[in-house]
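This report describes one protein model, beginning with a single side-chain interaction and then widening to the chain as a whole. The structure is shown below.

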Amino acid sequence: MITKLIAMITKDKITEIFCIIDEFDKNFEFELKKNLLPVTDGKKHRNRKASLSDSEIMTILLLFHFGTYRNFKHYYIYCIREHMKRDFPNAVSYNRFVELEQRVFFKLVFFLKLFAFGRCTGISFVDSTMTPVCHNLRRYANKVF
């Protein structure tokens, strides 16, 4: 059975996206460890790896935007956990994934800023199409718009 995501993006492209993100993640972690100050609060800190790597989490979050799913929960449960088991064999439950995705927020934003967003050329376009928000007879009585 072909999923909505697979129809939009090929398996080779998924692998390519993961490799790019994984390479970025390795370099990012290396630079971060090189420049961080040591923690000296006297407490022991865990450094246990999660079942999903940061690169896998970031890949899953990016792939969601290539598909046609309307909400992330449906995408994660039906696409990632069922149809892409071979690509993500250690996929955790949806609730655990939501907890884990907080870990990669800064990395993902940094990755998108460096690699995904285009450069501004100074030329911008604005769509001036009117968006109807209510019936024409009620538009003057509506205080919100």
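## A polar contact at D54

In this predicted model, the side chains of D54 and K107 are joined by a polar contact of 2.5 Å. K107 is also among the residues in contact with D54 once neighbours within four places in sequence are set aside; the others are D25, E29, R103 and V104.

The relative accessible area of D54 is 16%. D54 therefore counts as buried, since the cut-off for that class is under 20%.

## The helix that contains D54

D54 belongs to helix α3, which spans residues 54-64. How many residues of α3 are buried? The count is 11 of 11, and the helix is mostly covered.

## The chain as a whole

The protein chain contains 6 helices and 0 strands, and its pattern along the sequence reads α-α-α-α-α-α. Among contacts with a separation of 6 or more, 72% are between residues 24 or more positions apart.

The chain has 145 residues, of which 26% count as buried. Its accessible surface comes to about 12000 Å², and carbon and sulfur atoms contribute 57% of that area.

Note on methods:
Residues numbered from 1 in each chain as written. Predicted model: local features only at pLDDT ≥ 70, side-chain atom pairs only at ≥ 80, totals over all residues. Heavy atoms only, no water. Helix = DSSP H or I, 4+ residues; strand = E, 2+ residues; numbered from the N terminus. Buried < 20%, exposed > 50% of the residue type's maximum accessible area, 1.4 Å probe, protein only. Contact = heavy atoms within 4.5 Å. Areas by Shrake-Rupley, 256 points an atom, 1.4 Å probe, with all protein chains shown as cover. Polar contact = N/O pair within 3.5 Å; in protein donor to acceptor, adjacent residues only side chain to side chain.
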